[in-house]
Amino acid sequence: MIRDLLLGLRLAVGGGRISGQALLRLAMTTLGVALVVAVLLPAASINTLVSEQDAREAAQVPQVEPRPGVDPLYRLDWFIDGGDDYLRAVVVAPDGPNAPVPPGLDRIPAPGEVVVSPAAADYLASPAGEPARARIGGTVVGEVGKAGLGLASDRVVYVGDTAERLKGEDYTTPVYGFGAEPDGLALDITTAAFVAPVAVVLLLPLLIFVTTASRMGAAQRERRLAALRLLGVSGRQVRRIAAAESLVGAVAGLVLGGALFLALRPLIGHLDLFGMRFFPEDFVPSWPLVVVIALLVPGLAVGAAIFGLRRTIVEPLGVVRQGKPARRRMWWRWSVAALGGLLMAGTLLADERSNATPVGLALAAGSSLLLIGVAALLPWAVEKLVAGLRGGTPAWQLAVRRLQLESGTASRVVSGLVIVLAGAILIQTLVGAVSATESEGSRWQAATPVAAQVVGDDEQVDEAASLLAGTDGITAVHEVVAAPLRAAGDGSGWHGQVLIGDCAALASRAELGTCADGDVFSVGALRESSGLAMPEPGARVRFYSYGGDGEQTDGPQWTLPAEVRQVPADQAAREVSSILLVTPGALGGVTPSDAERVLYVTGTGAPARVFEAASLAVGPLSWEVDVRPALAVSDSSRLDETTRTMRGMLLVASIFVLAVAALSLLMLSIEQIVERRRPLAALSAAGVPLSVLARGSLWQNAIPVAIGVVLAVVAGIGITLPTLRYAGLSLSLDAGLIGIVCGAAVLAVLAATALTLPLLRQVTRLDGLRAE
Amino acid sequence: MTEPLLAGRDLHKSFGPTEALRGADVAVRAGEVLAVMGPSGSGKSTLLHCLAGIVRPDSGSIRYQGRDLVEMSDGERSALRRTDFGFVFQFGQLVPELTCLENVALPLRLGGAKRKPAEARARQWLERLEVGDLGDRRPGDVSGGQGQRVAVARALVSDPKVVFADEPTGALDSLNGEKVMRLLTDAARGAGAAVVLVTHEPRVAAHSDREIVVRDGRVKDLELAA
Amino acid sequence: MSVSRTLLALLEPGPRHGYDLKRAYDEQFAHGKQLAYGQVYSTLSRLLRNGLVEEAGVEHGAGPDRKRYTITDAGVTDVETWLRTAENPEPYLQNTLYTKVVLALLSGRSAHDVLDTQRSAHLAVMRDLTRRKADGDLADQLICDHALFHLEADLRWLELTAARLDALAEVVRS
Ligand SMILES: Nc1ncnc2c1ncn2[C@@H]1O[C@H](COP(=O)(O)OP(=O)(O)O)[C@@H](O)[C@H]1O
Ligand SMILES: [Mg+2]
């Protein structure tokens, strides 16, 4: 047994001369297995990754129960909105020498000292971080360590301050320690459900690649094995020898894949996924999984080699192929696709956006099944389509006939591509549709739009107003008061908000037309889905306030004037839809119980610049006032970023799979050319131009890929439509993405064909004619 | 004596250190069957490849219909082989994925013929070579002798002036070889095509009108000497 | 080839006249060389003498000699023995040709020329036979093939000799 394996090993690498094809097979098997391993190892690390992050985050949870002998650390969370990006700042002040030090810090920063995470440091150093830097102030004295962060991309800033200043703040909490039990849910179902299909999608083409590679040069190898049989080697031994031969490439691939993983791991720290970056050192594959990978992947390559021999009996005098290849079993392919289709069709019965869980599950399961079904049906589809093809140029005829003879391998190669492409279309369309909805809403802006809103306590707002007043680039600071308001009665009616301000202030929020003190405007709702109508003119309404515990406390009543001017929602800023705009004169002396003073800052130039100027101006007030960018400036760009990342990932995955598919096609072409050496040489001798033969190869690669891409686009849109219908979204195909992938498919086919040209040229030289 | 159809003079060709041809002279007359004999390794195939314009000799001239093949470009020689020459090799020259009929029709299609008429012509040729019933089979499904007959049909279908046959019966038994030779020479004579027949078997050479002998890359062509 | 055994074997299926015998022989085996009447009768009388055939009576009528002959048991045994006995393989030494080649070498002439001329001659005959084969029936083809294979064997010897001329020259001249 061992002797057979050793003989196989010697046959694979030894004997001095390795034929070009054997070498290619070895290289391709190695590469394929290496890629599989390099994809699997990070996937096997996700558990560690998530649990490490979980443990760190749990260790950062503040404990507010007083402990004996421990001085409290006053702590205030301060969310600094920088427009496109944001920072999480934590203002801390110890109330004694024994205060706990937050994880990741060496010591508690003294007042005026700042400790920043690396990501925050990068941000603050960039031009976009300037306003935030101005507001934080202080001097940077240290770095927040890994223990203080969840992800490498977390932007965390610890700001030292005095206990006196913090104590009085509403949202300050005293902290006596850090740490809580980790959730223990290291890898939750959702993550697994997300990772599993991605891994499958990436792995499937790779596995096809490995199996294709390990079956390369089968004819040549079978002849060699037959020669061994003549020397008295048994059929069982021959299988072992074949297994050992493919083991060489598999083991080499395993080693290379591990090396690739280790080499590329530091780069993971630079990878930006939806604005998240991970700690590379957290990518530690769990040992049991490593063992499984180390056994399974080479096992697969070896299994494929043996599986390739299943229909051949290696006899001493040659190789007998047992009959025609078995009929493709169709029932399970149709079953999978039909089940998926049924699940998808079933959701058509559900109303839009109802019954979320079962319908969502049905959609997810249905689309996955349909994808797999489509991939499984592809070989059949290619076979049927190709069988119907007739005529055409000689090159076309060569390609079609070759595919008619054996299209299975080519289709298998393309199946992976279909899954990825169709999946990409599904995901991209959903993401695109969702982001399109999110950015829906009024696009109205005043001639000089509100660029920043400043909110805070009375004295700070006064101070902010005076700081802003003299600032360059700021033309006006309007003050409004926002207060909650509801229909009078038992509280089951309309709940909303009023904005109280002079005509100039209100005009920055909506198209008012003429306005005089005493007017009241009602901005229509953009979506009439809330169900509760705005109060009528003359209706009785009541102000109310929220207590610290979230309870509502009734405030004074107020009667709406007999004339309330309607403003259509698309004539007002998005933030004020379904809101009453009230001039102070209309209140008739009623004072809202829970009023928040808001400064609307407008200026010349781009809103982002005005926002920066405002942030810089109120910098001295640091966390005592909140500066928010106007909605339009921020949200859409954050969503764009998500879509962009998604698009990038889909693109990378598609191109990767495409490249693997192209490599598989290349191997297939090489194999076929070597097999057809003699006829090709004879054709060339008879004056058939190389271009005809090359075009034959081209068509042969292009036909399955073309069928695959068309099928993928159709399937992708097909599985997307029910989901979109259910979610009530409209189809927005990313023609760019599809175009790029289709273009890449064309390139891949061209490249695979071009790479076979040297071989074709060599074969059609004289050599192929010489009798062996 | 009339001008020969195809004449090679003083042909030299080396493969690295091996001198395959060292001054070969040959003349092929229109319509004749010329046997090229000689022991194996003597340079018969190389001579055939040179005469057919598959290989460019290192020196010498090959005149065909007033033109010198040595001076023609690769593309021109390819085109010439396609239109004026036909080829039969020892085995394995049929494209495995095409049917026998399509194999035979291929040269016509490459010459620009439409599929229907090309396949009709091909069918006639298959019938002439007594393999008319094999049209729809793939080469892998027919016997060696039948395959060679299909190959002969393919070589003759485009009405070549010269058919080059390199050991066309080398992989066949005597009876099948005999049959293929009979059909090949009859068909070629019927079509007025000359045949350059490389063989080391005297019984195969006996189907020729005339023979030359290649020895150590040199040719004794009694005609030319005369 | 033994004419007497052939005639004897032709008698085995049933009695025949001498004239019949000659016609049967010519049809199957003559190939242009017909049997003379004289030879038929002299052979038959030798067979009679040896007791392998006997006369089966005379038909009276037109022809000059209407004797019918029939085979005896001894004759049947003789045919059987003959058919079962292997022919002596004749070690055909290419006597003349070999002599010519050696003499050419010894006298410094081109032995290749001798062989080439011979090849030409052989091939000319073979070509002729091949052509006759194409026109003839199955029997012709078999006969021609026989000759062709023999001639081919000669030519093989020629090729081999040609390939070894240098070695031969050394042996002869030393
Ligand atoms: N493509 C080639 N590369 C190297 N050597 C070659 C090549 N073709 C032929 N030869 C050599 O040239 C000589 C003549 O070969 P060839 O013409 O095939 O002889 P024949 O057909 O008479 O057997 C041989 O020694 C052969 O090894
Ligand atoms: Mg040869």
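This is a predicted model: local features need pLDDT of at least 70, side-chain atom pairs count only at pLDDT 80 or more; totals for chains, interfaces and linings use all residues.
User: OK, and what does D145(C) do with K133(C)?
Analyst: The side chains of D145(C) and K133(C) form a salt bridge, with N and O 2.7 Å apart. The pair links distant parts of the chain, with D145(C) in helix α7 of chain C and K133(C) in helix α6 of chain C, 12 residues apart.

User: Which salt bridge does K133(C) form with chain B?
Analyst: K133(C) is paired with E178(B), and their closest N and O atoms lie 2.8 Å apart. This pair crosses between chains, running from E178(B) in helix α6 (residues 174–191) of chain B to K133(C) in helix α6 of chain C. Both E178(B) and K133(C) are buried.

User: What about E152(C), which partner does that one have?
Analyst: E152(C) forms a salt bridge with R203(B), where the closest N and O atoms are 2.6 Å apart. This pair also crosses between chains, from helix α7 (residues 138–163) of chain C, which holds E152(C), to helix α7 (residues 202–205) of chain B, which holds R203(B).

User: Why do E152(C) and R203(B) get classed the way they do?
Analyst: E152(C) counts as buried because its relative accessible area is 3%, and R203(B) counts as buried because its relative accessibility is 12%.

User: How many salt bridges are there over all chains?
Analyst: The count comes to 30 salt bridges over all chains.

User: Staying with chain C for a moment, where is T130(C) and what does it touch?
Analyst: T130(C) lies in helix α6 (residues 111–135) of chain C, and it counts as buried because its relative accessibility is 9%. Leaving out residues up to four places away in sequence, T130(C) touches A206(B) and H207(B) in chain B as well as L148(C) in its own chain. The side chain of T130(C) also reaches the backbone oxygen of M126(C), at 2.7 Å.

User: What domains does the assignment give for chain C?
Analyst: The domain assignment gives domain 1 (3–84) and domain 2 (96–173) of chain C. Taken over C-alpha atoms, the centres of domain 1 of chain C and domain 2 of chain C are separated by 38 Å.

User: Switching to chains A and B, how much area do they bury between them?
Analyst: Chain A and chain B bury about 2,300 Å² between them, and 63% of that is on carbon and sulfur atoms. The contact involves 25 residues from chain A and 27 residues from chain B.

User: And how many salt bridges and polar contacts join those two?
Analyst: There are 3 salt bridges between chain A and chain B, and 9 residue pairs are in polar contact, counting pairs with both residues at pLDDT 80 or more. One salt bridge joins R401(A) to E102(B), with the closest N and O atoms 2.2 Å apart.

User: Which elements of chain A give two or more residues to the side that touches chain B?
Analyst: They are α12 (394–405) and α18 (677–685) of chain A. Of these, α12(A) gives the most to that side, with 7 residues. By residue type, the side of chain A that touches chain B divides into 14 nonpolar, 7 polar and 4 charged.

User: What does chain A look like as a whole?
Analyst: The secondary structure of chain A comes to 20 helices and 20 strands, and buried residues make up 47% of its 772 residues. Among contacts in chain A between residues at least 6 apart in sequence, 83% join residues at least 24 apart.

User: Last one, where does F79(A) sit and which residues is it in contact with?
Analyst: F79(A) is found in strand β2 (residues 73–81) of chain A, and it counts as partly exposed because its relative accessibility is 44%. Setting aside neighbours within four places in sequence, F79(A) is in contact with Y86(A), L87(A) and D626(A). The C-alpha atoms of F79(A) and V156(A) are separated by 9.9 Å, and these two residues are 77 residues apart along the chain.

Terms used. Residues are numbered from 1 along each chain as its sequence is written. Chains are lettered from A and ligands numbered from 1 in the order in which they are written. Side-chain values use heavy atoms; hydrogens and water are left out. Contact means heavy atoms within 4.5 Å. Buried area is the accessible area (1.4 Å probe) that two parts lose on being put together, summed over both. A salt bridge is a side-chain nitrogen of Lys or Arg within 4 Å of a carboxyl oxygen of Asp or Glu. A polar contact is a pair of N or O atoms within 3.5 Å; within protein, one must be able to donate a hydrogen and the other to accept it, and residues adjacent in sequence count only if both atoms are side-chain atoms. Helices (H or I, at least four residues) and strands (E, at least two) are DSSP runs, numbered from the N terminus. Ala, Val, Leu, Ile, Met, Phe, Trp, Tyr, Cys and Pro count as nonpolar, Asp, Glu, Lys and Arg as charged, and the others, Gly among them, as polar. Domain bounds come from an automatic or database domain assignment. Buried means under 20% relative accessible area, exposed over 50%, partly exposed in between (1.4 Å probe, protein chains only).
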